[in-house]
Amino acid sequence: MSVHDDLTAVQRCLDDLHRSLGRLEHQLGSGGLEIRRVRLDADHLRESVALLGEAAAAPDAPRRPDLVTISDTPYDISLWTDSDDEGLGARDRRAP
């Protein structure tokens with residue numbers, strides 16, 4: 001099966017789940033915390049599958065952000081002139 005076919009099958013299963021939850025909600029009532037949680041989880045699954053579908057439709061889009069190269073050369077020492085040592089405070093003062 002292709003990715004599109006698999007996503008369509010998952011979407012069909014989620015549609016069946018949505019209908020079944022509707023029937024359960026009708027029988028049990030919609031006021032219970034449990035049915036609301038299951039409904040919310042099912043909605044999250046629908047959103048996630050929709051995002052997967054969008055990602056599969058755009059295969060040329062980058063999968064991760066571009067990496068930034070950090071130089072191995074040391075930083076200029078003047079950057080740290082007025083800095084505090086974490087947890088120790090400034091050099092000319094005592095720690096709290």
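What percentage of the 96 residues of the protein count as buried? The figure is 8%, where buried means under 20% relative accessible area, exposed means over 50%, and partly exposed covers what lies in between (1.4 Å probe, protein chains only).

1. Basis of the note. This is a predicted model, in which local features need pLDDT of at least 70 and side-chain atom pairs count only at pLDDT 80 or more, while totals for chains, interfaces and linings use all residues. Residues are numbered from 1 along each chain as its sequence is written, and side-chain values use heavy atoms, with hydrogens and water left out.

2. Secondary structure and surface. The protein has two helices and zero strands; helices (H or I, at least four residues) and strands (E, at least two) are DSSP runs, numbered from the N terminus. Accessible areas come from the Shrake-Rupley method with a 1.4 Å probe, and for residues only the protein chains shown count as cover. Of the contacts in the protein with a separation of 6 or more, 44% are accounted for by residues 24 or more positions apart; contact means heavy atoms within 4.5 Å.

3. Helix 1. This helix covers residues 3–28, and its 26 residues should span 38 Å at 1.5 Å a residue; the end C-alpha atoms are 36 Å apart, which agrees. The expected span is 1.5 Å times one less than the number of residues. Leu7, Leu14 and Leu21 are buried in helix 1, and the buried residues of this helix pack against helix 2. Just after helix 1, Gly29 takes a positive phi of about 95°.

4. Ala57 and His4 are 53 residues apart in sequence, yet their C-alpha atoms are 8.6 Å apart in space.

5. Salt bridges. There are three salt bridges in the structure, a salt bridge being a side-chain nitrogen of Lys or Arg within 4 Å of a carboxyl oxygen of Asp or Glu. In one of them, the side chains of Arg46 and Asp15 meet at 2.4 Å, N to O. Arg46 lies in helix 2 and Asp15 in helix 1, so this pair ties together parts that are 31 residues apart in sequence. Arg46 is partly exposed, with a relative accessible area of 28%, and Asp15 counts as partly exposed at 25%.

6. A pair within helix 1. Arg19 forms a salt bridge with Asp16, and the closest N and O atoms are 2.2 Å apart. Both residues lie in helix 1, three residues apart, about one turn of the helix. An α-helix has 3.6 residues a turn, so residues three or four places apart point the same way. Arg19 counts as partly exposed at 46% relative accessibility, as does Asp16 at 39%.

7. Arg39 and Glu25. The side chains of Glu25 and Arg39 meet in a salt bridge of 2.6 Å, N to O. This pair links distant parts of the chain, with Glu25 in helix 1 and Arg39 in helix 2, 14 residues apart. Arg39 counts as buried because its relative accessibility is 17%, whereas Glu25, at 23%, counts as partly exposed. Leaving aside neighbours within four places in sequence, Arg39 is in contact with His18, Leu21, Gly22 and Glu25.

8. Nonpolar surface patch. Val68, Ile70, Tyr75, Ile77, Leu79 and Trp80 make a nonpolar surface patch of about 770 Å². Patches are made of residues with over 30% relative accessible area and no salt bridge; like charges are joined within 9 Å, and nonpolar side chains (Val, Leu, Ile, Met, Phe, Trp, Tyr) within 5 Å. Ile77 is found in the segment after helix 2 (33–57) and counts as exposed because its relative accessibility is 67%.
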